[in-house]
Amino acid sequence: MKKILLMLALAGGVASAHAQSADTTAVNDLTLKADIYPQQEDGDLYHGLSRKLTFDRMIPPYGLEVTYDKTTHIIFPSAVRYVDLGSPNLIAGKADGSENVIRVKATRKNFLEETNMSVITESGSFYTFNVKYADEPLLLNIEMADFVHDGSEVNRPNNALDIYLKELGSESPKLVHLIAKAIHKDNRRRIKHIGSKAFGIQYLLRGLYTHNGLLYFHTQVKNTSNVPYEVDFVTFKIVDKKVLKRTAIQEQVIFPLRAYNYATAVAGKKDERTVFVFDKFTIPADKMLVVEMHEKSGGRHQTFTVESEDIVRARVINELKVK
């Protein structure tokens, strides 16, 4: 009887050993995918299974040299909204009187550690720089190009431009730019009853469009005279129809969020068109929108009005047709 029990115990031990050996082999044979980090206990890599960031997700940085005794200027294609410096060894700010030029300097001489700088522009473009110190930087004045690219062709993701700015809500700044550009390029006069004409100048509302909570006003300035017309400023105000003598208290000023191809001067016998972008608004029945354009150092001011019915009839834009 004892021999039988001993033989069964030995058989069980051999079977258990075989099972452990099989489990060990199964673990050793387990191969993790190339895009997964394995679990590590030494802290050098991420714990658990984490997906790798591949190079096609990376926005490659530009190399930038700075120095202590000279200023580096970087010119961007649109206004700068955000700047982040990776080190107190750098100082940066907008050039006086300019929205799209950043000046950068070193705050101390001969710093050895490489640092970085990131910039976001009004168009939704993201720029990143690796910055190091140089006694004599090779480039002191740099002009950046906008990021119009295809992620499959270059080493950047397609969504590098999908940076959303607060005032545009859920709309991408790049899409707003493309819609305004498409309206400007299309150049159809869809509204024919709104405008003003005086002193050889015509100021027209050619179209009114809406998309994703934003309104697009397509305006045109025609100069039929021989004297150039310089635009001082354009205002958009909601006023009461019944009040003949308007006051600032009775006016609600509407500020555009963007202006595509903003016309500042119109030569004689020429015309210019601008697309203004606004956050969605409506006009009460007893009020109207007054659009005023003032001439710089002149008196050929232009005014036209927009009614509530015109706003609610704004054409819906199909973004699939925007190129």
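I began at Asp310, which counts as buried because its relative accessibility is 8%; buried means under 20% relative accessible area, exposed over 50% and partly exposed in between, with a 1.4 Å probe and protein chains only. The model is a predicted one, in which local features need pLDDT of at least 70 and side-chain atom pairs count only at pLDDT 80 or more, while totals for chains, interfaces and linings use all residues. Residues are numbered from 1 along each chain as its sequence is written, and side-chain values use heavy atoms, with hydrogens and water left out.

I then looked up the partner of Asp310: its side chain meets that of Arg313 in a salt bridge at 3.5 Å, N to O. A salt bridge here is a side-chain nitrogen of Lys or Arg within 4 Å of a carboxyl oxygen of Asp or Glu. Arg313 is exposed, at 57% relative accessibility.

**Other salt bridges**

I noted 12 salt bridges in the structure. Side chains of opposite charge can pair when their charged atoms come close.

Arg103 pairs with Asp96, and I read 3.8 Å between the closest N and O atoms. Arg103 is partly exposed at 33%, and Asp96 is exposed at 71%.

Asp186 and Arg190 form another salt bridge, at 3.9 Å from N to O. I found both partly exposed, Asp186 with a relative accessible area of 34% and Arg190 at 33%. Asp186, Arg188 and Arg190 are linked in a network of salt bridges.

**Thr72**

Which residues does Thr72 touch, not counting those up to four places away in sequence? I listed Leu64, Glu65, Val66, Ile102, Arg103, Val104, Leu139, Leu140 and Ile142, contact meaning heavy atoms within 4.5 Å. Arg103, of the salt bridge with Asp96, is among these contacts.

Thr72 is in strand β4, residues 72-75; strands (E, at least two residues) are DSSP runs, numbered from the N terminus. Thr72 is buried, at 0% relative accessibility. Its side chain reaches the backbone oxygen of Glu65 at 3.5 Å.

**Thr305**

I placed Thr305 in strand β20, residues 302-306. Thr305 is partly exposed, at 31%. Leaving aside neighbours within four places in sequence, Thr305 is in contact with Ile194, Met288, Leu289 and Val290. Leu289 is 16 residues from Thr305 along the chain, and their C-alpha atoms are separated by 5.5 Å.

**Positive phi**

I checked two residues other than glycine. Phe199 has a positive phi, near 60°, and sits in the loop between β11 (195-198) and β12 (201-211). Phe199 is exposed, at 55%.

Asn212 has a positive phi of about 50° and lies in the loop between β12 and β13 (214-223). Asn212 is partly exposed, with a relative accessible area of 41%.

**Cavity**

How many cavities of 30 Å³ or more are there? I counted one. A cavity is a set of points on a 1 Å grid over the protein atoms alone where a 1.4 Å probe fits but cannot get out, and lining residues have an atom within 4 Å of a point. Grid points are joined across faces, edges and corners, and a volume is the space filled by probe spheres set on the points.

The largest cavity has a volume of about 50 Å³. Its lining is Tyr203, Thr219, Val221, Val231, Val234, Tyr262, Ala263, Thr274, Phe276 and Met293. The elements giving two or more residues to this lining are β13, β14 (229-240) and β18 (271-279).

Conventions. Helices (H or I, at least four residues) and strands (E, at least two) are DSSP runs, numbered from the N terminus. A polar contact is a pair of N or O atoms within 3.5 Å; within protein, one must be able to donate a hydrogen and the other to accept it, and residues adjacent in sequence count only if both atoms are side-chain atoms. On a 1 Å grid over the protein atoms alone, a cavity is a set of points where a 1.4 Å probe fits but cannot get out, and a pocket is an open set with protein on both sides within 12 Å along at least five of seven lines; lining residues have an atom within 4 Å of a point.
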